[in-house]
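Hi there,

Here is the structure I promised to pass on.

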Amino acid sequence: MAGFLIMSGLINGIFSALDGVLFYVFFEASLIPLFIIIGVWGGPNRVYAAIKFFLYTLAGSLLMLVALLYLFMESGGSFSILDWHQLKLGMDAQTLIFWAFLASFAVKVPMFPVHTWLPDAHVEAPTGGSIVLAAIGLKLGAYGFLRFSLPIAPDASQAFAPMMITLSLIAVIYIGFVALVQTDMKKLVAYSSISHMGFVTLGFFIFNPLGVEGALVQMISHGFVSGAMFACIGVLYDRMHSRQIADYGGVVNVMPKFAALFMLFSMANSGLPATSGFVGEFMVALGAVQYNFWIGFAAATTLIVGAAYTLWMYKRVVFGAITNHHVSELTDINNREFVFLAILAVCVLVMGIYPYPITEVMHASVNDLLKHVFVSKL
């Protein structure tokens with residue numbers, strides 16, 4: 001609990017820091033409580049997963065520190081992030097800064113091909129660790145692109161946009177197929193997280209308001225949906241101490257309330273209309289079609305793969321006859337679990353049915369950001 005409380009404070013610091021050094025300190029320090037949570041309270045391979053998570057994220061961030069020091073020199077001794085947004089840097093400097101930030105933020109998102117730490121971390125983390133890592137931890141990298149890469153290196157961001165779009169599409173398509181063959185529920189949802197976060201980076205680098213706002217909506221939605229999916233898997237794991245899909249079947253017969261809520265979250269994970277999962281991915285797909293029809297088409301068709309792996313997992317775990325006598329002894333969710341999942345269910349439905357209050361708040365910021373990116377060309 002102390003680890004989670006400390007991590008909560010550090011994550012608030014990351015999102016609210018307007019000083020480059022403060023941001024870096026919070027960004028790095030947030031690794032420590034999660035490293036301890038995975039390494040002490042995780043599964044059998046927890047030490048391997050915790051060290052792999054720590055090394056991947058730390059190694060990328062060291063290049064970011066060099067970029068922050070360079071920006072400090074260029075801005076005449078200021079660590080204010082808003083001052084850095086006003087710098088007029090040459091293309092060579094922007095390119096180096098873009099790559100330095102990319103090394104840090106791409107690992108955190110995580111983008112293909114630096115995504116391999118995430119499934120290990122999720123599988124070994126305790127349920128609470130998985131929820132916080134998926135719902136909030138992955139958003140730190142996406143936030144970094146918005147706060148640093150796009151405003152500080154706008155020309156380089158546009159120059160490398162084709163590469164970023166390609167990597168995002170690989171994450172969305174290829175990792176979706178990887179999720180399809182998983183036998184462990186947590187690993188399947190971990191790979192689906194990488195696939196869904198591919199929509200976020202895709203939306204950022206197509207540089208139109210619909211794409212960027214869709215990516216922001218997808219970030220918020222993914223926090224609710226993936227957190228809820230990991231919570232549901234945690235509910236089953238607490239009772240059966242197994243995450244293997246093959247060990248389940250017929251859960252709906254003994255846990256009807258749980259099965260109903262799990263179905264809602266599975267549908268949201270598949271991008272069903274009227275759930276939050278649909279809104280962000282649909283906006284990004286529309287924005288991508290405006291940018292290039294085939295990119296939009298490729299992104300949209302992968303929703304079929306998303307539905308395939310999520311619903312196939314749900315069908316094998318929840319429906320059918322009870323084949324394992326341990327399943328017949330399961331008890332339905334208690335009041336505490338019901339309240340927790342019901343709150344997430346309300347968030348998923350409200351955001352899916354009426355996303356206007358969230359998207360309305362974004363217009364001014366997104367338009368300012370895009371204006372800043374394109375004015376740099378003039």
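Below is what turned up, going from the overall fold to the salt bridges.

One thing to keep in mind from the start: this is a predicted model.

**The chain as a whole**

Along the principal axes, the C-alpha atoms fill a box of roughly 70 × 45 × 35 Å.

How much of the chain is buried? Buried residues make up 57% of the 378. Now take the contacts with a separation of 6 or more: 80% of them are between residues 24 or more positions apart. As for the surface, the chain exposes about 15,200 Å², and carbon and sulfur atoms supply 71% of that.

**The salt bridges**

How many salt bridges does a search of the whole structure find? It finds three, and here they are in turn.

- D120 pairs with K52, with the closest N and O atoms 2.8 Å apart. This pair links distant parts of the chain: D120 sits in helix α7 (residues 117–124) and K52 in helix α4 (residues 46–74), 68 residues apart. Both D120 and K52 are buried.

- R243 pairs with D184, and here the closest N and O atoms are 3.4 Å apart. Again distant parts of the chain are linked, this time through loops: R243 is in the one between α13 (209–240) and α14 (256–270), while D184 is in the one between α11 (161–180) and α12 (185–204), 59 residues apart. R243 counts as buried because its relative accessibility is 16%, and D184 counts as buried because its value is 9%.

- E337 pairs with R239, the closest N and O atoms being 2.9 Å apart. E337 lies in helix α18 (residues 335–353) and R239 in helix α13, so to speak distant parts of the chain, 98 residues apart. Is R239 buried or partly exposed? Its relative accessibility is 23%, so R239 counts as partly exposed. E337, on the other hand, is buried, with a relative accessible area of 9%.

Cheers

Notes:
Residues numbered from 1 in each chain as written. Predicted model: local features only at pLDDT ≥ 70, side-chain atom pairs only at ≥ 80, totals over all residues. Heavy atoms only, no water. Salt bridge = Lys/Arg side-chain N within 4 Å of Asp/Glu carboxyl O. Helix = DSSP H or I, 4+ residues; strand = E, 2+ residues; numbered from the N terminus. Buried < 20%, exposed > 50% of the residue type's maximum accessible area, 1.4 Å probe, protein only. Contact = heavy atoms within 4.5 Å. Areas by Shrake-Rupley, 256 points an atom, 1.4 Å probe, with all protein chains shown as cover.
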